[in-house]
Each structure stands twice: as structure tokens, then as C-alpha cells.
Amino acid sequence: MIQGPNLNFVPTPAYHFRMWTILSMLRDFQGGTFLEVGCGIGLFLKEIRKRDVMGYAIDLSMDAVLGARLYVSRFDFMIQKRDFWQLTEKYQWLFCFELLEHLPDPVAALKKFHDLLFSNGVLVISVPAHKEY
């Protein structure tokens with residue numbers, strides 16, 4: 001169990017499989033800056049920090065941000081409570097896991113993600129594989 005301020009999280013087997021799949025796809029991921037939208041308590045950040053990259057992570061939940069700072073070391077990445085709609089910086093990589101389905105307008109969010117990427121940038125997203133999605 002991962003604990004933090006107001007957080008109790010037990011990664012499921014499905015979570016571990018998703019993380020393994022994503023990290024396998026990113027085997028050669030190096031260089032450039034990245035943004036993780038909806039970083040939660042920083043599980044992806046903890047894995048990706050093993051590579052020589054610069055990153056920025058945001059979440060709307062202050063509890064999640066505080067948890068991520070505890071779990072990952074606040075000196076590895078900038079982790080802030082921010083809304084991605086307010087961002088204007090450009091990134092080489094943008095990661096968004098299990099968040100898109102919670103947004104009122106996912107298509108508009110995808111367009112915003114596109115705007116936040118350099119022209120040769122890469123968007124990596126995952127959404128649940130439930131029938132209702």
C-alpha cells in the first residue's frame with residue numbers, strides 16, 4: 001500500500017500490467033522535456049525518473065500533489081497543483097493516464113494536448129478498457 005496525505009492506494013494487477021506495457025513501449029525514451037497530466041501520487045514519475053529526463057507533473061488534487069512529492073522526491077521533478085488548460089509551454093512528451101474519460105470534453109482536451117506538444121512531440125495516453133468507454 002502506498003500512503004500519503006489523505007491517500008491510500010493499492011496498485012491492482014491491471015495497473016501493474018498497464019505500467020509494464022507503457023514502460024516497455026518507452027524503452028528508448030530519452031531526452032526532451034515531458035509533462036504528465038493527472039500525475040496522481042507519482043507512480044509513473046517514480047519509474048520514469050530512472051532515465052535522464054526533465055519533467056513536469058500536474059494534478060488538480062493537492063492531496064495527490066503532496067503524495068507525489070513524498071513518493072518521488074520533489075527535487076526530481078516539478079510537481080504542482082495546476083490545470084492543464086492554463087499551460088502554454090511546449091513539451092516533447094505528454095503523458096496522460098486514466099484521466100481523459102473523466103473530462104467533460106475529451107476531444108477538446110486532446111486538441112489542447114496537441115497544442116502543448118512540439119511539432120515532433122509524442123502524446124501517450126491510456127484510458128480504461130471498460131465497455132462503457
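# Exercises on a predicted model

Ring pairs join Phe-34, Phe-44, Trp-93, Phe-95 and Phe-97 into a cluster, where rings of Phe, Tyr and Trp (its six-membered ring) pair if their centres lie within 6.5 Å. This is a predicted model, in which local features need pLDDT of at least 70 and side-chain atom pairs count only at pLDDT 80 or more, while totals for chains, interfaces and linings use all residues. Residues are numbered from 1 along each chain as its sequence is written, and side-chain values use heavy atoms, with hydrogens and water left out.

## Exercise 1: the aromatic pairs

Task: Find how many aromatic pairs there are, and describe the pair formed by Phe-44 and Phe-95.

Step 1: Phe-44 and Phe-95 form a pair with 4.7 Å centre to centre and 55 degrees between the planes, which is tilted; planes under 30 degrees apart count as stacked, over 60 as edge-to-face and the rest as tilted.

Step 2: because Phe-44 belongs to helix α2 (residues 43-48) and Phe-95 to strand β6, the pair ties together parts that are 51 residues apart in sequence. Helices (H or I, at least four residues) and strands (E, at least two) are DSSP runs, numbered from the N terminus.

Step 3: Phe-44 and Phe-95 are both buried, buried meaning under 20% relative accessible area and exposed over 50%, with partly exposed in between (1.4 Å probe, protein chains only).

## Exercise 2: the sheet

Task: State the strand order of the open sheet, then follow the bridges made by β3 to β6 and to β4.

Solution. Step 1: the five strands are ordered β5-β4-β3-β6-β7 with parallel pairing, and two strands pair if DSSP finds at least two bridges between them.

Step 1: β5 (78-81) and β7 (117-126) stand at the edges with a single partner strand each, so one side of each has no neighbour in the sheet. From one strand to the next, the twist averages 20 degrees.

Step 2: strand β3 (residues 33-37) runs parallel to strand β6 (residues 91-97) and is joined to it by four bridges. Glu-36 has Phe-95 as its bridge partner in β6, and Val-37 has Cys-96.

Step 3: β3 also pairs with β4 in the parallel sense, over five bridges, and here Glu-36 stands opposite Ala-57.

Step 4: four of the five residues of β3 are buried, which leaves the strand mostly covered.

Note on methods:
Axes are lines fitted to C-alpha atoms, for helices over the stretch in contact, and angles run from 0 to 180 degrees between N-to-C directions.
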